[in-house]
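This briefing is meant to be read with the sequence and the 3D view open. Please look at the structure first, then go through the points by topic.

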Amino acid sequence: MAAPRSLLLLSLLLAALQGRGQQPPPPRVPLEKVVTEGNLGLDELVGRWFLVGMASRCSYLAENSHRLEATAMTVAVLDGQSLAISTFRKLDGQCWEIRQRYVPAGAHGRFSVRGRGYDSKMEVVVGEADPRSYAIIYYQDGQGLSVKLYGRSSQLSDAIVDRFEQRARAMGLSEDVSYYFPTYGFCDSADDFHILDGEHGSTLPQPCLAVLPQHGQESLGALVWGWEMAEHHPAQPLPCLAPVWVRLGLAVSVPG
């Protein structure tokens, strides 16, 4: 009986040591608790917006905040209900376009974004907006949350920034995890070789597969989904893609 008892004690000891280094994740604040203000029409969101700031616990963002790129998005309305989003930003000096579709999800100002693969649904809530000036938008998937401040111009008043930081704090995101983006160097477009389309698959041609050194053609779906997931768990699903899709992912949310 001594041997089984020793094995049991060893198993319990190993379990204790493994648990000691793990910290519980921060409590999740459901987006259902986010109060949306006003009765903003979809048509009022149409046009060009600049990403001014973002609050997120993304570790990659914290480690690379000095490398943030100017980011802008354009919004169009599809079928009177959905939003077509095109996000433009640079990666290693090259302009990229990232396309998404926001589908209405019940209450006013709430959308969902279809992704690919594990934990692939993302919730989006337009929490507060003045269509002539700014919008505060929440993004959440199964792994985390981010809050973003967009402006019709790349620079906003201190009062609006304070509103953004106040809403971020209400979601457990302090100024320590809030970051502000460059106000110059924006992309207006991207060529056909640098478009990631979340609805219809990537338009990357064969030469661009060089960014997928270990996984080949079948990884294009992971690349497209990667920029959506990157904000919240940048090691998933393919760590070797991090130099490309994590940095692109900061523009949309994925989990910016």
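**Serines and their polar contacts**

A polar atom of the S56 side chain lies 3.1 Å from the backbone nitrogen of C58. The model is a predicted one.

- S56 is placed in strand 1.
- With a relative accessibility of 1%, S56 is under the 20% cut-off and so counts as buried.
- C58, which supplies the backbone nitrogen in the contact with S56, has 3% relative accessibility and therefore counts as buried.

*S178*
- S178 belongs to strand 9.
- Its relative accessibility is 12%, so S178 counts as buried.
- A polar atom of the S178 side chain lies 3.1 Å from the backbone oxygen of S174.
- Leaving aside residues up to four places away in sequence, S178 touches M54 and A55.

**Disulfide**

- There is one disulfide in the structure.
- The disulfide is formed by C95 and C187, with their sulfur atoms 2.1 Å apart.
- The torsion about the S-S bond of C95 and C187 is about -85°, so the disulfide is left-handed.
- This pair links distant parts of the chain, since C95 is in strand 4 (residues 94-104), C187 is in the loop between strand 9 and strand 10 (195-197), and the two are 92 residues apart.
- C95 counts as buried because its relative accessibility is 18%.
- C187 counts as buried because its relative accessibility is 1%.

**Helix 3**

- Helix 3 covers residues 158-170, which is 13 residues.
- From first C-alpha to last, helix 3 reaches 18 Å, close to the 18 Å expected at 1.5 Å a residue.
- Which residues of helix 3 are buried? They are I160, V161, F164, E165, R167 and A168.
- Viewed down the axis of helix 3, these buried residues fall within an arc of 160°, so they line one face of the helix.
- In an α-helix there are 3.6 residues a turn, so residues three or four places apart point the same way.
- D158, A159 and A170, on the other side of helix 3, are exposed.
- The cover over the buried residues of helix 3 includes strand 1 (47-56), strand 6 (121-130), strand 7 (134-140), strand 8 (145-151) and strand 9 (178-180).
- G172 follows helix 3 and has a positive phi, near 85°.

- How many of the seven residues of strand 7 are buried? Seven of the seven are, so strand 7 is largely enclosed by the rest of the structure.
- In a regular strand, side chains alternate between the two faces of the sheet.
- Both faces of strand 7 are covered, with Y134, I136, Y138 and Q140 buried on one side and A135, I137 and Y139 buried on the other.
- Strand 6 and strand 7 run antiparallel and are joined by seven bridges.
- V125 has Y138 in strand 7 as its bridge partner.
- The hairpin between strand 6 and strand 7 passes through three residues.
- Strand 7 also pairs with strand 8 in the antiparallel sense, over seven bridges.
- Opposite I136 stands L149 in strand 8.
- The hairpin between strand 7 and strand 8 passes through four residues.

Notes. Residues numbered from 1 in each chain as written. Predicted model: local features only at pLDDT ≥ 70, side-chain atom pairs only at ≥ 80, totals over all residues. Heavy atoms only, no water. Expected span 1.5 Å × (residues − 1). Buried < 20%, exposed > 50% of the residue type's maximum accessible area, 1.4 Å probe, protein only. Arc of directions from axis to C-beta. Contact = heavy atoms within 4.5 Å. Polar contact = N/O pair within 3.5 Å; in protein donor to acceptor, adjacent residues only side chain to side chain. Disulfide = S-S within 2.5 Å. Pairing = 2+ DSSP bridges.
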